[in-house]
There are 2 protein chains.
Amino acid sequence: MRFQVKISAIFFISIASVMSCRNENLPNIALDEAQGLEEHPKLILTAQGVKDIRAQLGSIPIFDNTLQKVKEEIDAEIALGIETPIPKDYSGGYTHARHKRNWFVLQKAGVLYQILDDEKYAKYVKDMLMQYEEMYKTLPLHPKTRSYARGKLFWQCLNDSNWLVYVSQAYDCIYNYLTEEERNILENNLFRPFADHISIDSPQFYQRVHNHSTWGNAAVGMIGLVMDDEELINRALYGIKGVNLDNKAKDDDGGFLNKDGKAGFLANIEEPFSPDGYYNEGPYYQRYAMYPFLVFAEGLHNVKPELNIFEYKNGVLLKSINALLNLTDADGEFFPLNDGQKGMSYYNSALVTAVDVSYHYGDQNPGLLSIAKQQNQVLLDDSGLAVALGIKNGEAQPFNKSSINLSDGPDGTEGGVGVIRNEDIELVFKYAAQGSSHGHYDKLSYSLYENGEEVIQDYGLARFVNIEQKGGGNYLKENKTWAKQTIAHNTVTVDETSHFEGKYETGSKFHSVLNYFSSENEKVQVASARENNAYPGTEMLRTMAIISDKDFEKPITLDIMKVTSSSINDYDLPHYFFGQVLETNFEYQTPETLLPLGNKNGYQHLFVEGTGKSNEVNSKLSWMDNYRFYTLTTVTNPKDELLFTRIGANDPEFNLRRDPALLLRRKDSKSTTFVTAIESHGSYSPVTESAVNSKSSIKTIRVVLDSDAYTAVEINHVNGKRKIFITSNKNNSEKVKHKLNIDDKNYEWSGSYYFD
Amino acid sequence: MRFQVKISAIFFISIASVMSCRNENLPNIALDEAQGLEEHPKLILTAQGVKDIRAQLGSIPIFDNTLQKVKEEIDAEIALGIETPIPKDYSGGYTHARHKRNWFVLQKAGVLYQILDDEKYAKYVKDMLMQYEEMYKTLPLHPKTRSYARGKLFWQCLNDSNWLVYVSQAYDCIYNYLTEEERNILENNLFRPFADHISIDSPQFYQRVHNHSTWGNAAVGMIGLVMDDEELINRALYGIKGVNLDNKAKDDDGGFLNKDGKAGFLANIEEPFSPDGYYNEGPYYQRYAMYPFLVFAEGLHNVKPELNIFEYKNGVLLKSINALLNLTDADGEFFPLNDGQKGMSYYNSALVTAVDVSYHYGDQNPGLLSIAKQQNQVLLDDSGLAVALGIKNGEAQPFNKSSINLSDGPDGTEGGVGVIRNEDIELVFKYAAQGSSHGHYDKLSYSLYENGEEVIQDYGLARFVNIEQKGGGNYLKENKTWAKQTIAHNTVTVDETSHFEGKYETGSKFHSVLNYFSSENEKVQVASARENNAYPGTEMLRTMAIISDKDFEKPITLDIMKVTSSSINDYDLPHYFFGQVLETNFEYQTPETLLPLGNKNGYQHLFVEGTGKSNEVNSKLSWMDNYRFYTLTTVTNPKDELLFTRIGANDPEFNLRRDPALLLRRKDSKSTTFVTAIESHGSYSPVTESAVNSKSSIKTIRVVLDSDAYTAVEINHVNGKRKIFITSNKNNSEKVKHKLNIDDKNYEWSGSYYFD
């Protein structure tokens, strides 16, 4: 078959010299065998793409630089020789790291072979694949037993699937370099059994709607596309025929294995993405899942164009990239909704794929080019070429992140996530569904950022990904006992019990409901949502506004959490700030001995560092972080307790960060409303030692009306000026006209809120 | 007199147009009054300097830009109008901030008048000075009573002195703009009484060797130079004639007011600076004191050149600038030795003065030009012009910070501070004298940096300078109860008692003694010093080495603390690391309840978060900080206790940072040696989620010999290689040849140490 490679190469390789060093070793194969020949590569790189790339090489700086780096990296790897150790370790260990490294190296070497047309790369890929073939055909299950679905090269099928997603691309690139016999060996002893192991042999992994399964589906489908194996392609698209899992069984993370029997790549697009492109597990896992979604979609687009994969579900794959990019802070880091490791950002290689694919297969949004410039690399394929040409032609524009409201749920009817942006302030408000097995019990929670720095943090996950010393780099038990619990989040916990009693089955049945989202007026942007099921009999309605007003240096955050209950409860609302306490307007005592706040549901992880009460109408806390001043002002009554807490109790292996919070505790209450304002103000310079605008500008905030229909909050500035914010707790469509008298003054507005 | 200004202006102003708008308002003064005329400005700006500057304007970018910024700043101030409120507040409060702002504004407006030759600036300075004159002549002592020496404009004489140091310059700049009558009013009602208040009326402030007094001396001397008042100049140089203070009295900080009767500017140069230019209180306070030292020296140089002030004490003022610049980390931030607020750096305006003065009056070190470029501003005077021209002419070179050993004490015989630099690692080793009233009880303490980030921290001070909410921005009580105590530092505390029992009188009598400092061999650099007086009867000899070896990724730190005692003691040696604990090789328990480690001497501020014991020859702790891995390996015996501590106990106002430490506790021991190695290794990326070289390369460290004369430590690499470091505990001059047999192997070397 190698002969036919040369024949087809003549058609698409314009550089005559590529023929020069080839003909000596041509196998003696009859020309009529050429009839079965398919053009390769075809999966991600295409024959035409390779032709176009070669024509542009040397004149497309970002592409050329990426290529040069990849070449240096792979040349160094080749010089070190091939290693395919017998699998042994968890992630973080040597064999894991080596096989992981190999999948990247194989994929890149394949690409280099195509673009540079240098056989040494093809030979390297072939040699390593043959070594894998030799090992794999007798390889038992991986010796580590912790996974619900053990792989063979890795401790979990997930990583085996990662491997195959990359290696299919390598195989595609050298497909025509190999003899038919070589291909048969690889396909029969390595690729097909490999695909079978992660699918047929591991239905609890494969036959689901879950990011793990997406990798599995893509792996099976991509090798199927390369091998032109319709059975594998169908297994990838629609799941394993006739297999249905126990709909009550659970995975390692506590998620249902398969509640409704859906499976396959298309179901994995259908289910987790909302019509707005929000991915139900949150941006960190979307980033992880994104690569197989997009790379398999590229393959399908190239090999099965009739599927119109990029138009599937109204083009949700490309919409999801836009959603993902909008779920980053000013530094491009993802908001750590649900299980998310902080620091992950759009500099991750999966986002290079996302940006390039979105640009090439989407509408050539010039904003994407500026992110590609920041990433400083492109895919070495057709889409990377398009981006490189766009940048070269000076088409890059800033990627403008504005406020955005993203629905959750397959039909966009299961709550959502709202992001409000105003100057340097970003508010992330979560009123979504459970978020599958990586979801946290944090209905109506929020986090607040200023210029990319966390002001009020979401804890993220309790895990140190790939750091072997910390539980093999896997989820730590504190992820369940702390990070997922409600008290770990900036929302209300009732009676020291997490939402849905921390039960995944229950949480998965429900979602919060949008009251309204309003971002038309840049100066007053509001997100409001309701949660009725986290605590049966207790409704929470949270309305959060970011308000610009000329009497305040920066936009302020107003937070109205209205709790309506038929029973008497204890309510806890923490604010996870960062930095140094500067001042309070209330008295507090600090205990000589630190005790945990409770004994379960996350409370066992909080030490109490201080306890206060306030006789003022407002309690105030000022702190300094990142050399900026912040003040939180909250409406309190004399029975409220103000607790300074710090994470870290019952943490026998130092798995948690020692971060502080101010926790407002309101006991023995039925319906009640928590109202809080957060100001960012001024700055401090350790170089000039000058403190600018270090005091709060809020004299008081006051609830002047609180009914089923409306909550009105008065903000009194220290300069004597008074503002009022009224939110419509129901009937907030623009058509509804509201008329209200408060303290002998009439207020009229349409729809959602009033501010003046 | 204004007429004469115009006459002299003709000589040095080349721009003819400056004459155009002037002559209308000339007062009718006889020419013969010109006889008494002195040329002004003369203090910092000089008449010749102004001429040179005007000739270069527009062609010296860094100068032009600085001038433009200052002009914009002052024009904005002038537009806002003049405010000189009745003094009322502590630092951080409004009246303090306003008068502080005024002194800068006056000085800058004066300079603008000279350089831009625009009368609006002179008028502004005059008007504000007249307002001050009107207020000052009836002004009582400042109402706030906390200071040992209250000012009038400010709560402490120190700030009044700051004011006069700047305002003398402003007065000098508009001297000839004023009528004699106006000058008489200002001098009689404002400047002379002002100078008298901070000196004659406040000898406890003025008549000392202390950074406060330096400001006082400079203030009196500078106004004296402008007014041509020999009495004031002499009072500045030599102190108040005939005044001697109670040599037992103390100031607010616990320092002696005046132990030996020395006073005046020259004594203040003589005493605190070692011949190497190390300032006894440390770099943070040197930075603060630097401005009056240098600006008064400039004035003396210009007006009293016969004093040869820059050659005084072998040119120590200029040497001190070099020392100060070398006491910064990779980001230009000062090592926080003694009381020092972190973040202060050579970007501070005092260092702009230092760099420009050092360049101009020193040997035009081109390395200084690169720092000036980073500072991105220059003084608007003769020295700033020289720097601007140097930069313009492309003469800037990198400022090369290498290892440096700085002696302490007026004669350089009172210990010192050693800084060892190797690649990105910086070790700061302190074996100095007490450091006056800002000194900490931290003999033989160290801190460790990597690329400008703290690895093993020195706590610094307990203060939030100028942040009014924190104790008025002044020293907090935790500065004494925590920050100054020995246990707050990375050195040995014996029997839970600070060095010298934390007594300033005792500590001030003694200093540590250098054993040796060796930095000739870049790969093995060693600092070694001895302390005999911190604990009578117990000697501490600490030897710290930074060693490059090809088997280690980065230079490692080796720390040998040899304690020799005649009594049985409890020893505590903490390591104040930062970041996330990853792994230990010893077992530890974490208590459910956190208790303070002790009840005094700083121990009351430490919570115990974990307690461990080790049966291995070494105890190891790995942690991650700034996405880098670190491992500490220390020689332990089974009776040693390993405590995880965290600062923050008994801290009722959250004045302390919640920082961790690993504390090695060795009880009931006489002589003993603590041996520790610290490795920086590898890195973690939250974007690629890959952990590189996350494990320690040290298998074991072992003390193979420990005698009066030698301590030998064997370092066993995980790759099987073995290295030995032998330090000469005495007789370490290069002339001495050492010969030693350990485990049947002979070692021979000359002088201080052996490594191979």
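1. Start with a loop. N650(A) sits in the loop between β17 and β18 (660-669) of chain A. Its phi is near 50°, a positive value in a residue other than glycine. Strands here, like helices, are DSSP runs numbered from the N terminus: E over at least two residues for strands, H or I over at least four for helices.

2. A word on the basis. The model is predicted: local features need pLDDT of at least 70, side-chain atom pairs count only at pLDDT 80 or more, and totals for chains, interfaces and linings use all residues. Residues are numbered from 1 along each chain as its sequence is written, chains are lettered from A and ligands numbered from 1 in the order in which they are written, and side-chain values use heavy atoms, with hydrogens and water left out.

3. Next, the interface. In chain A, 50 residues are in contact with 50 residues of chain B; contact means heavy atoms within 4.5 Å. The area buried between the two chains is about 4,200 Å². Carbon and sulfur atoms give 53% of that area. Buried area is the accessible area (1.4 Å probe) that two parts lose on being put together, summed over both. Which residues of chain A lose the most area to chain B? They are Q469(A), F654(A) and E689(A), together 18% of what that side buries.

4. The rule finds four salt bridges between chain A and chain B. A salt bridge is a side-chain nitrogen of Lys or Arg within 4 Å of a carboxyl oxygen of Asp or Glu. E468(A) forms a salt bridge with K695(B), and the closest N and O atoms are 3.4 Å apart.

5. Which elements of chain A give two or more residues to the side that touches chain B? They are α12 (283-303), β12 (580-584), β14 (606-613) and β17 (641-647). The largest share, four residues, comes from β12(A). This side divides into 24 nonpolar, twelve polar and 14 charged residues. Here Ala, Val, Leu, Ile, Met, Phe, Trp, Tyr, Cys and Pro count as nonpolar, Asp, Glu, Lys and Arg as charged, and the others, Gly among them, as polar.

6. Salt bridges over all chains number 82. In one of them, the side chains of K71(A) and D75(A) meet at 2.8 Å, N to O. The two residues are four apart in helix α3 (residues 61-80) of chain A, so about one helical turn separates them.

7. Note the cis peptide bonds. One joins H40(A) and P41(A), with omega about 0°. P41(A) lies in the loop between α1 (2-12) and α2 (47-56) of chain A. In chain B, the bond from H40(B) to P41(B) is cis, with omega near 0°.

8. Now the strands. Chain B has an open sheet of five strands, in the order β1-β2-β3-β4-β5, with antiparallel pairing. Two strands pair if DSSP finds at least two bridges between them. The edge strands are β1 (404-407) and β5 (453-456) of chain B. In chain A, seven bridges join the antiparallel strands β22 (residues 698-706) and β23 (residues 710-717). A hairpin of three residues connects β22(A) to β23(A). T700(A) has N716(A) as its bridge partner in β23(A).
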